[in-house]
Amino acid sequence: IKYLCPRDFRRGEMEEIMKDYRKLSEAIILNVGGKDNIKDVSHCMTRLRLGLKDESKVNKDELEKLDEVMRVVVIGGQYQVVLGGIVDDVFDETCKLVGDSVVINETQIEENLDNTETSNKKAKPVEKLISLLSGIVSPIIPAMLAAGFITALAKLLVLAGISETNTTIQLLTVAGDVLYGFFPIFIGWSAAKYFGANISIVLMVVGLLVYPNFSNVFSNFESVTFLGLPVTNVYYGSSVLPAILTAFLIAKLEKILRKILPNALRSIFVPFLSALITIPLLIVVIGPIGVWGGELFANLFRSTYELSPILAGAIIGGTWQILIIFGMHIAILGLVSAPNIAMYGRDTIIMTHAPSLICQITAGLAVALKAKDKKIKKNALTLSLTSFFSGNVIEPVMYGVNLKYKKPFIAVCIGGAIGGAITGAAGAGTVAAVAFSLYTFPVYLGVGFGGLLLGCLVGGLVTFVLTYVMGIDEKDV
């Protein structure tokens with residue numbers, strides 16, 4: 001039947017798969033307190049992210065026991081269910097199931113966040129900040145991946161013998177650079193959705209920062225003022241915080257204006273006044289302060305790298321996998337790596353985490369070789385190969401094997417530190433914010449590429465040997 005009616009078979013097979021996703025979604029919703037306990041649903045590459053009203057209703061232990069659920073991470077009150085590559089399908093099914101019970105209007109979401117007594121208020125300020133930054137940067141990750149793969153394709157074609165002056169290569173290169181040329185606008189779009197601001201107004205206001213004619217004003221005049229207030233000439237092309245602060249301010253202004261303006265005037269004067277009030281604040285105060293704040297954060301990494309690339313590589317490579325657990329890696333990619341590429345055309349700092357990705361895979365392979373239990377061997381081997389061939393999306397092997405047995409994860413951190421130190425010493429870099437993998441290596445070509453490969457090899461071998469020597473407790477759950 002399978003071969004006589006392949007199309008019908010595939011259709012039936014797909015229907016069964018989607019039924020499984022629906023069952024998984026139903027189980028997830030049930031164990032987080034039901035659909036009435038869910039405020040918002042989102043997802044990144046591997047995690048279903050659920051904002052909840054009351055965490056006391058969550059059955060986290062049962063949630064983690066579900067098939068296909070690798071781990072549940074709680075950050076700032078947000079429950080992140082690690083699912084790996086099936087997250088898109090589970091997200092779609094979850095959205096269908098929760099329906100109107102989840103607030104879709106972003107403004108209402110923001111009001112609920114302000115007024116609902118949840119554990120979000122109990123979250124530490126640092127956790128809230130990480131959650132906010134990750135929530136804003138996460139929706140841009142697909143664009144960063146797309147841009148990275150386009151750039152990788154262009155460089156791969158050049159390696160295949162096509163001239164860099166070929167117009168097709170030139171256009172592909174430009175297409176890969178668009179994200180970094182207009183990064184504040186992408187951040188503004190995501191921040192507008194996050195805070196519940198009018199997206200078009202936020203994009204119009206933030207777009208001013210990268211509009212060529214705005215820069216030209218500073219070229220034509222020795223000093224620029226707005227109503228007598230000095231406007232600082234700052235490069236905004238790689239900035240992040242000004243767009244976030246702008247979206248936040250516009251969301252607040254819209255909320256206030258809707259309360260004080262008559263219904264008949266809202267459609268015209270809410271957007272007009274929101275933009276009119278925000279623009280001078282942006283170019284006089286918010287913009288410069290936001291840029292300096294972002295630079296201060298980025299300089300923590302840059303100054304360490306300038307002091308010692310080896311030390312910076314060791315720190316970043318040794319801690320990156322821990323940062324992934326808490327979702328901090330997304331914020332760092334958005335605040336440091338992407339701006340570095342936008343400003344300098346290359347990131348040599350944050351990319352020193354690349355060997356740690358390989359370390360996760362080699363740790364899983366060591367477990368597969370060392371384990372006596374056939375089920376553990378098969379699981380470790382499958383998840384290691386899955387992570388490798390999926391472009392070093394390492395959550396499957398990290399949560400399914402290395403963190404589960406603890407010792408392999410310790411080996412990963414040690415190997416990642418050694419590999420990161422070697423990579424930093426070599427001065428390796430990347431022209432796109434994508435994970436180092438079988439498919440993206442062209443964006444890492446150039447100065448220090450050999451050192452990067454050496455860092456991956458040494459770090460991976462150290463991790464493999466340490467994992468094998470330390471072994472695992474096969475009774476761990």
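Predicted model: local features only at pLDDT ≥ 70, side-chain atom pairs only at ≥ 80, totals over all residues.
Student: What makes H8 and H11 a packed pair, and which angle and distance describe the packing?

Tutor: Two packed helices are described by the angle between their axes and the distance between the axes. Helix H8 (residues 183-195) and helix H11 (residues 241-260) pack at about 35°, and their axes are 8 Å apart. Their crossing is right-handed.

Student: Which residues of H8 and H11 meet?

Tutor: On H8, Pro184, Ile187, Gly188, Ala191, Ala192 and Phe195 meet Ala243, Ile244, Ala247, Phe248 and Ala251 of H11. The contact comprises 10 nonpolar residues, one polar residue and no charged residue.

Student: Why is one residue of this contact called polar?

Tutor: Gly counts as polar under the classification used, and Gly188 of H8 is among the contact residues.

Student: What does H17 supply to the second largest pocket?

Tutor: H17 supplies six residues, the largest share of the lining. The pocket has a volume of about 1100 Å³ and 37 lining residues, with Val69, Met70, Tyr399, Gly400 and Lys404 nearest its centre. Helices H2, H3 and H16 each supply at least two lining residues as well.

Student: How does the lining of the second largest pocket divide by residue class?

Tutor: The lining has 16 nonpolar, eight polar and 13 charged residues.

Conventions: Residues numbered from 1 in each chain as written. Heavy atoms only, no water. Axes fitted to C-alpha atoms, helices over the stretch in contact; angles between N-to-C directions. Helix = DSSP H or I, 4+ residues; strand = E, 2+ residues; numbered from the N terminus. Left-handed = near helix turned anticlockwise from the far one by under 90°. Contact = heavy atoms within 4.5 Å. 1 Å grid on protein atoms, 1.4 Å probe; cavity = no way out; pocket = protein on both sides within 12 Å on 5 of 7 lines; lining within 4 Å. Points joined across faces, edges and corners; volume = space filled by probe spheres on them.
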